[in-house]
Amino acid sequence: MERYASDTERDDTPLLQRAEEERVQRAPACGSSRYGLAVLSSFGFFVVYSLRVNLSVAMVDMLNNTQSDTNHSSSVCPAHANPPRPKHNHTAASVYNWDSETQGWILGSFFYGYILTQILGGYLAGRWGPKWLMGLGILGTVFFTLLTPVAADLGAKYLIAVRVLEGIGEGVTFPAMYTMWASWAPPLERSRLLTISYIGAQLGTVISLPLSGQICFYLDWTYVFYIFGAIGLVWFVLWTFLAFDSPNTHPRISEQERLYITNSLKNELSTSAGYIPWRAILTSGPLWAIVVAHFSYNWTFYTLLTLLPTYMKEVLGFSIQQNGMLSALPYIGCVVLAVLSGQLADHLRETCLVRTVTVRKVFSIGCWGPAVFLVAVGYTGCDYTLAVTFLTLSSALGGVSASGFNINHLDIAPSYAGILLGITNTFATIPGMVGPVIARTLTQQNTIEEWQTVFYIAAGINLFGATVYTLFGRGDVQPWAVHTSYNHGD
């Protein structure tokens with residue numbers, strides 16, 4: 001197709017200039033349906049991550065701590081003062097004698113289900129519509145979350161099975177939402193809208209970690225799953241009545257906004273409904289650059305997400321009440337930088353006329369930065385302040401990637417963004433499956449030296465991914481993503 005003759009031509013044509021040429025009249029953001037969708041989906045991802053990470057804190061309280069920890073190395077930091085737990089009138093929750101390996105499998109089991117529905121989720125969202133796929137996916141996860149205490153009492157195998165089923169439900173959520181944004185997000189507002197939407201994942205982590213710690217402290221660990229499950233039910237009701245697949249199916253959207261969105265996307269979306277160029281997708285270099293970056297970033301992200309509470313307790317010696325708060329601190333920085341990076345990324349593209357590919361690669365610092373500070377954590381010894389500071393900086397810089405490779409799928413193929421995300425997220429889920437198991441296998445004595453090895457592995461993988469994406473990433477719509485019926489031979 002002549003219009004997409006070369007990647008260089010496309011990348012050198014500023015988005016603002018193309019928008020002005022097409023004379024698309026912008027609709028106000030305040031009170032708009034597209035920003036309403038961003039907030040509602042952000043709440044959805046808040047639920048998704050709350051249900052995903054609450055086990056990380058609850059696990060600390062689910063274990064039988066009456067067994068002595070004398071097998072720990074002398075390099076483990078002295079424990080902090082542990083305030084007395086309130087006495088409960090109800091029967092105390094059960095505790096379990098799970099060894100380190102079993103804990104690793106339980107924490108990683110979610111991702112074995114999560115990986116199964118990534119590509120399928122992108123395909124089904126394109127076929128049947130993303131609204132109900134996302135809604136029912138989260139509802140299923142809520143249901144199995146509420147069953148978690150029963151499954152744990154039955155045994156570790158049952159808990160692992162329930163977590164796998166939760167993962168299957170959550171696996172469709174990101175591909176479904178990417179498919180929805182392909183119809184809702186104007187190119188010049190893409191970074192803003194998607195960072196608002198996906199910041200809910202970070203907020204879910206920031207809020208659920210300390211709140212889970214408080215729930216465990218004042219109630220017991222079973223209430224962690226009941227309370228967050230109830231919040232998920234509230235979200236589902238709101239989603240049912242307020243979310244719609246596209247601007248054209250929204251009954252309350254203004255005509256100005258509907259035309260703004262549809263006109264701004266008319267040259268980016270596929271004209272061949274139902275056709276998916278699988279061969280072109282699977283042989284796309286820019287897509288595989290995203291795959292490598294996504295896999296690498298998630299190795300660090302999931303290592304911290306699932307094991308940070310364990311590190312806070314077993315190495316730094318924080319109590320369950322302190323644990324949740326301090327484990328959440330790194331993600332507060334991530335939330336702040338993710339929001340700021342989204343604003344800055346669109347400003348650079350729209351006002352400063354910086355090429356999309358340049359912006360995406362510059363923001364790949366979200367992979368470089370975390371690696372440096374994660375390694376530094378291993379050399380802080382028992383300097384609690386410095387350790388938490390470095391962990392916070394590592395996670396915060398990771399938030400910058402929200403405007404880097406993380407939304408690049410919509411740049412290179414908006415029509416197939418859900419499928420592309422399903423592909424990259426399939427590979428990016430592998431770290432969640434194997435990372436906790438490897439980490440817990442390497443840290444059976446919970447010494448600082450063992451954790452240094454875990455941090456080195458994560459940092460090395462991060463740096464590799466950032467390098468590959470910098471070399472091979474692209475920011476333009478690929479020719480195979482804007483096709484007509486005559487080039488089905490792709």
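Reply: Start with contact, which means heavy atoms within 4.5 Å. Helices (H or I, at least four residues) and strands (E, at least two) are DSSP runs, numbered from the N terminus. Buried means under 20% relative accessible area, exposed over 50%, and partly exposed in between, with a 1.4 Å probe and protein chains only. In this structure, what covers the buried residues of α5 includes α4 (100-114), α6, α9 (173-184) and α20.

Me: What kind of model is this, and how are residues numbered?

Reply: The model is predicted: local features need pLDDT of at least 70, side-chain atom pairs count only at pLDDT 80 or more, and totals for chains, interfaces and linings use all residues. Residues are numbered from 1 along each chain as its sequence is written, and side-chain values use heavy atoms, with hydrogens and water left out.

Me: How many helices and strands does the protein have?

Reply: The secondary structure comes to 21 helices and 0 strands. Of the 490 residues, 60% count as buried. Among contacts with a separation of 6 or more, residues 24 or more positions apart account for 86%.

Me: Which residues of α5 are buried?

Reply: Q118, G121, G122, L124 and A125 are buried in α5. After α5 comes G129, with a positive phi near 100°.

Me: At what angle do α5 and α20 cross?

Reply: Axes are lines fitted to C-alpha atoms, for helices over the stretch in contact, and angles run from 0 to 180 degrees between N-to-C directions. Angles under 35 degrees count as roughly parallel, over 145 as roughly antiparallel, 65 to 115 as roughly perpendicular and the rest as oblique. The axes of α5 (residues 118-128) and α20 (residues 417-442) cross at roughly 170° and come within 7 Å. Therefore α5 is roughly antiparallel to α20. On the α5 side, Q118, I119, G122 and Y123 take part, and they meet G418, I419, L421, G422, I423, N425, T426 and T429 in α20.

Me: How do the residues of that contact divide?

Reply: Ala, Val, Leu, Ile, Met, Phe, Trp, Tyr, Cys and Pro count as nonpolar, Asp, Glu, Lys and Arg as charged, and the others, Gly among them, as polar. The contact of α5 with α20 has 5 nonpolar, 7 polar and no charged residues.

Me: What is the handedness of the crossing of α6 and α8?

Reply: A crossing is left-handed if the near helix is turned anticlockwise from the far one by less than a right angle, and right-handed if clockwise. Helix α6 (residues 130-146) and helix α8 (residues 156-170) pack at about 165°, with axes 7 Å apart. That makes α6 roughly antiparallel to α8. Their crossing is left-handed. From α6 come G137, I138, T141, F144 and T145, and from α8 come V162, L165, E166, G169 and E170. These contact residues divide into 4 nonpolar, 4 polar and 2 charged.

Me: Where does G137 lie, and what does it touch?

Reply: G137 lies in α6 and is buried, with a relative accessible area of 8%. Not counting residues up to four places away in sequence, G137 touches W132, G169, E170 and V172. The C-alpha atoms of G137 and G167, 30 residues apart along the chain, are separated by 9.4 Å.

Me: At what angle do α4 and α8 cross?

Reply: The axes of α4 and α8 cross at roughly 30° and come within 5 Å. That makes α4 roughly parallel to α8, and this crossing is right-handed. The contact residues include W105, I106 and F110 of α4 and A156, L159 and R163 of α8. The contact divides into 10 nonpolar, 4 polar and 3 charged residues.

Me: Which residues touch the most other members of the largest nonpolar core?

Reply: In soluble globular proteins, nonpolar side chains tend to be buried together. A nonpolar core is a set of buried Ala, Val, Leu, Ile, Met, Phe, Trp, Tyr and Cys residues joined through side-chain atoms within 4.5 Å. The largest here has 123 residues, and W98 and W181 touch the most other members. Helix α3 (residues 33-62) gives the most to this core, with 16 residues. Leaving aside neighbours within four places in sequence, W98 is in contact with M59, M62, L63, Q103, I106, A152, A156 and L159.

Me: Is S341 buried or exposed?

Reply: S341 has 4% relative accessibility and counts as buried. Its place is in helix α15 (residues 320-350).
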